[in-house]
Structure formats: structure tokens, C-alpha cells
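Please keep the structure open while you read.

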Amino acid sequence: GGCVWGLVNVEAPRAPRFLFFPGVRSWGCKALGIRLRGGVCHRLSASLPSREPRGGAWPRSDGVPLFEAMGNIVSRKEKRQLGPGWWKPVQVFNAPGEPEPDGSLVRTATATLAEELERLMRPIVDEYVHENLVDYDGIKASSAYAAYRRFATTTLRRAALEKGAEDKVARAFFVNLYNMLTIDAICQAGSPSDLNGRLLRWSTASYSIGGLIYSLNDIENGILRGNQKSAVPGTRITIPKKDGKIAYVLPLDRRIHFALNCGAISCPPVRVFSGAGHDAELDAAARDYLARYLRVLPETRKVKLTRLALWFAGDFGGAKNNILRNVQPFAQGETATQLGELLAGVETVEVEHFPYSMDPNWTTMTDNADKVEQERVDFWEAV
């Protein structure tokens, strides 16, 4: 979770905490590869033109249409917002054409679909996920991934989800679905290499389920976060009121931020979640992640905390002390005791946030992963 805001590369100590998009007036466009023309920001990247060319093909430098390379289809009917005034067609990774007509849909209980997704996901995670790194090459060549793709392009695509599933079942399903859509998109199209590519991927990479299109942002910010805006400034509420997906929106559970993986090194590791073990599994994900991204320094009344709690401050309680109280239940041992003592005092607590790398989390990039880990350790040890 949190990866959309992380697109700004805010792990740099003096990185800007704002984004710029086409059509948005700004004085700082050059910081993100955007030029100012007539008081309006225009992106410099030729690979992502601000408007779709006549004829519908998005050119790329190698001559391959950009969206053809990134997904099975590009829907001409549905678009998703990347930023203010910036919309792109969805990229559907499990459909050979437009969404299925109603006659071909199969009414399916969410619990049934969740169990099947969990069963197919588990061998992929057990074999090819190594802590926070993923062996995407191994996944692509595996029989487990072939089985998952059959499920995604048939059963999942035609499933008209029944309404009224238990929250814990639906939440486990959509967390697993988010993580598998991320893996699937990377296996099919590779990892985005820059800010534009990341915005495009997480705003538009989608699955068709029962005739409804679910993008990564739809799942994270619409379904799992109680239908809030994304962390990108100036964006709208994720799922419109008249959209059929509104029936599946879940109450926010802040622990999902320790369960969602967007394909970046600093993301929480990919896990498999179940309806039956929902609470214990989310608690474990939160504890394990914060064991590496929460440190208390009582002498200086300072707390070092994951940047996810900055990007999604509202989900964690808004005010600084509320955020710390809401992460305290997932702190362990001496850290939990020290944090409780700080919060019991009347003096101000200073909060600093760990760096967060948006670099791809491939197992083939271990040198970069080691560098990112050393940056985390250096930040942890600094007084």
C-alpha cells in the first residue's frame, strides 16, 4: 500500500511532497521532468503523450503500441484517473476483449472465489517469494502460474460476485487479488521504470470480474480503504456512486497497508491471506513490517516510523500522537514499552520516516536490494 504517493520518490531527504500533472499550473515542473509552457505543465516524456492520438495507437520508441505491450486489451469505454486532468484507458490483464456480456456470467459467492484464489496463489508465494523479493522469471515459467492464468481468464473473469460477503472473507480476497494482479502485470509487462510508468500501472492495470473492471487503485483505494481518494493530490473519490463496484466497498482496516505489495523493494512482503485466519494474519503482517520500520529513541523523544504512516496519515489517525497510538498495538517487546512511555508523557514527540524505495523487487536485482537495505539500516542506527 502507499505506492501511488511513493511514485514521487519521496525517500530522498529533500524530495518534494507534491506531484505535477498535465494541465496543472505549477512553478516546479522541472523537478519531475515536466516543462512549463504558457503557465501549464506539460510532460516531457514522448512515450506517454497527454492525449491519445487519432486512430487509438499509443506510440513507443521501439514502434510497439504502449498499451498493446502492457496488457491483453485496452478498454475504450473505461478510463482511470492518474492525476488532476489526467485520465488513461484501463489495461485489462485477464480478458481477450471487452467485459463479458451478462449472459456468460456465473453468480459466485465471494468465499468460493476467495478459496480458489488462495489455493492457486499459495504455491506461487511459497516457491517464488523470498522475503521482500520476487522471482518473476521463475513464476512465469511455472505450472503454478499457468494454473493461475487459467483461473484469471476464465473463472475470475466470468464471476458475478454475490453481495453481502463477510468483511474478513472479502478483505482477504481483495488483498490477495491486489497482490496477484501486481505479480501478473509484472510477469506480462515488466516493472515500470519511472514515475509516469508507475502512475500508469497502478491506476490502470486491471482485471475484469463479472463485467466490472477492477484496477489496482480501485481495489486499494476504492474497495479496501472504504472508497477514499488515492494519495495522489487532486484525485477524485475512487469508485463513483453509480458504479457496480460500490456494493463491494469495505470498511477501512489500516492493517491492509502492511499487506499490499505494489512490486517495489520497500513494500511489505507478499503473503497469502485467508478468511478464516484474517485477523491473525493481518496482525502478523503489521508486526513483522513494523519490526523493521519502527524504532523508538526515548532519550531524544524521537520515533522512526514507516513512511506508509505519512502517506496515509488519515488512515492511521491523522494527528501525530494518534498515529503512534494506532501503531503501538503492533510494536513488540521493548519498542512497545518505550512507545507507551513516550505517549504517556506531555512533551512533544518527534517523528521521522524511513526511506522508501520504489525500485523493482526482482530477485535478479539483489545488489540494488542490498543497497536499499543498507540505507534502511543506516537510518535505523542514526541517532
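1. **Ground rules.** This is a predicted model, in which local features need pLDDT of at least 70 and side-chain atom pairs count only at pLDDT 80 or more, while totals for chains, interfaces and linings use all residues. Residues are numbered from 1 along each chain as its sequence is written, and side-chain values use heavy atoms, with hydrogens and water left out.

2. **Confidence.** pLDDT is the predictor's confidence in each residue, from 0 to 100. The protein averages 83, and 78% of the residues score at least 70. Residues 5-75 are the stretch to watch: the pLDDT there is below 50. Beyond near neighbours in sequence, this stretch still has 149 contacts in the model. A contact means heavy atoms within 4.5 Å. Where pLDDT is low, the predicted coordinates should not be read in detail.

3. **Overall make-up.** The protein has 13 helices and 13 strands. These are DSSP runs, numbered from the N terminus: helices are H or I with at least four residues, strands are E with at least two. Of the 383 residues, 52% are buried. Buried means under 20% relative accessible area, exposed means over 50%, and partly exposed lies in between (1.4 Å probe, protein chains only). Among contacts with a separation of 6 or more, 68% join residues 24 or more positions apart. The accessible surface is about 16,700 Å², and carbon and sulfur atoms account for 50% of it. Areas come from the Shrake-Rupley method with a 1.4 Å probe; for residues, only the protein chains shown count as cover.

4. **Nonpolar cores.** A nonpolar core is a set of buried Ala, Val, Leu, Ile, Met, Phe, Trp, Tyr and Cys residues joined through side-chain atoms within 4.5 Å. The largest one has 87 residues, and Y148 and F174 have the most contacts inside it. Helix 6 (residues 167-189) supplies the largest share of this core, 14 residues. A second, separate core has six residues, including W86, L195, L200 and V232. What does F174 touch, leaving out residues up to four places away in sequence? Its contacts are L161, Y214, I219, I223, L224, Y248 and L250.

5. Leaving out residues up to four places away in sequence, N179 touches M121, A259, L260, N261, V270 and R271.

6. **Salt bridges around R255.** There are 16 salt bridges in the structure. The cut-off is a side-chain nitrogen of Lys or Arg within 4 Å of a carboxyl oxygen of Asp or Glu. R255 pairs with D253 at 2.7 Å, N to O. Both D253 and R255 are buried. R255 also bridges to D279, with the closest N and O atoms 2.8 Å apart. This second pair links distant parts of the chain: R255 is in the loop between helix 8 (216-224) and helix 9, D279 is in helix 9 (residues 278-293), and they are 24 residues apart. D279 is partly exposed, at 46% relative accessibility, whereas R255 is at 9%.

7. **Strand to strand.** K302 and E352 meet in a salt bridge at 3.3 Å, N to O. K302 is in strand 12 (residues 302-305) and E352 in strand 13 (residues 350-353), so this pair ties together parts 50 residues apart in sequence. K302 is buried at 10%; E352 is partly exposed at 23%. As for shared partners, salt bridges join D253, R255, D279 and D283 into one network.

8. **Backbone points to check.** E131 has a phi near 55 degrees, a positive value in a residue other than glycine. E131 lies in the loop between strand 6 (129-130) and strand 7 (133-134) and is exposed at 67%. N227, another non-glycine residue with positive phi, is near 60 degrees. N227 lies in the loop between helix 8 and helix 9 and is buried at 14%.

9. **Cysteines.** How many disulfides does a search of the whole structure find? The count is zero, with a disulfide taken as a pair of cysteine sulfur atoms within 2.5 Å. For C267, the nearest cysteine sulfur is that of C262, 3.1 Å away. C267 is buried, at 2% relative accessibility. C187 is buried too, at 9%.
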